[in-house]
Amino acid sequence: MISIYLCEDEQKQLTYYEAQLRQYLHKTGRKASIVSSQNDPEKTLQDAKENQGLSALFLIDVQLDGYALDGFELAGRLKEEVKDCYLVFLTSHETLAYKAFEYELGVLDYIIKRPADFLEEGFSERLERRFDHIFEQIEEAQKGKDMLERRI
């Protein structure tokens, strides 16, 4: 089971990504659930600390306007605090993608937010493909960890 955490400062976008993930999980039957959906990065960090134990997927907005932590700083803190942590950044700024690698955070994916996404109703096939890719990477990583544990 994978615990999913969303951190997005814009409420409309947070609601959108939460709805898209819920539809995706229902459609695919992936063993995952949303345990936290926050605007505030400190609350996301607190939720993650309280729910240790399961693999955790974090979808984090790069720019968290009005908060002490930006998405990169939050990701760094999560990597320190959460044992089995997977990161995906959300942003409308394609030019910031390089920073995810500059910080050496081991990011799984980088989802570009498009304004048209938030105006459409229904399920996004583009996001479905991204989510498939993300969950496939997590499954591969977990298989590798399981194989390593069996050898020990």
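Visitor: Which residue does Lys143 form a salt bridge with?
Guide: Lys143 pairs with Glu140, and the closest N and O atoms are 3.6 Å apart. A salt bridge here is a side-chain nitrogen of Lys or Arg within 4 Å of a carboxyl oxygen of Asp or Glu. Before we go on: this is a predicted model, where local features need pLDDT of at least 70 and side-chain atom pairs count only at pLDDT 80 or more, while totals for chains, interfaces and linings use all residues. Residues are numbered from 1 along each chain as its sequence is written, and side-chain values use heavy atoms, with hydrogens and water left out.

Visitor: Okay, and where do Lys143 and Glu140 lie?
Guide: Both are in helix α5, three residues apart, which is about one turn of the helix. Helices (H or I, at least four residues) and strands (E, at least two) are DSSP runs, numbered from the N terminus.

Visitor: Is Glu140 buried or exposed?
Guide: Glu140 counts as exposed because its relative accessibility is 51%. Lys143 has 48%, so that one is partly exposed. The cut-offs are under 20% relative accessible area for buried, over 50% for exposed, and partly exposed in between (1.4 Å probe, protein chains only).

Visitor: How many salt bridges are there by this rule?
Guide: The count comes to nine. One of them joins Glu42 and Arg77, with the closest N and O atoms 3.9 Å apart. Glu42 lies in helix α2 (residues 41-50) and Arg77 in helix α3 (residues 71-81), so this pair ties together parts that are 35 residues apart in sequence.

Visitor: Why does Glu42 count as partly exposed?
Guide: Because its relative accessibility is 38%. Arg77 is at 30%, so Arg77 is partly exposed too.

Visitor: What about Asp61, which residue does it form a salt bridge with?
Guide: That's Lys113, and the closest N and O atoms are 3.2 Å apart. Asp61 sits in strand β3 (residues 55-61), while Lys113 is in the loop between β5 (109-112) and α5 (125-151), so the pair links parts 52 residues apart in sequence. Asp61 is buried, and so is Lys113.

Visitor: New topic: how many disulfides does the structure hold?
Guide: Zero, taking a disulfide as a pair of cysteine sulfur atoms within 2.5 Å. In general, a disulfide is a covalent bond between the sulfur atoms of two cysteines.

Visitor: And Cys7, buried or exposed?
Guide: Cys7 is at 1% relative accessibility, so it counts as buried. Cys85 is at 9%, so Cys85 counts as buried as well.

Visitor: Now Gln38, which strand is it found in?
Guide: Gln38 is in strand β2, which covers residues 32-38. It counts as buried because its relative accessibility is 18%.

Visitor: What is Gln38 in contact with, leaving aside its neighbours within four places in sequence?
Guide: Leu6, Cys7, Glu8, Leu14, Lys43, Thr44 and Asp47. Contact means heavy atoms within 4.5 Å.

Visitor: Let's zoom out. What pattern does the chain follow along the sequence?
Guide: The pattern reads β-α-β-α-β-α-β-α-β-α, with five helices and five strands in the chain.

Visitor: How much of the chain do buried residues make up?
Guide: They make up 45% of the 152 residues. As for contacts between residues at least 6 apart in sequence, 69% join residues at least 24 apart.
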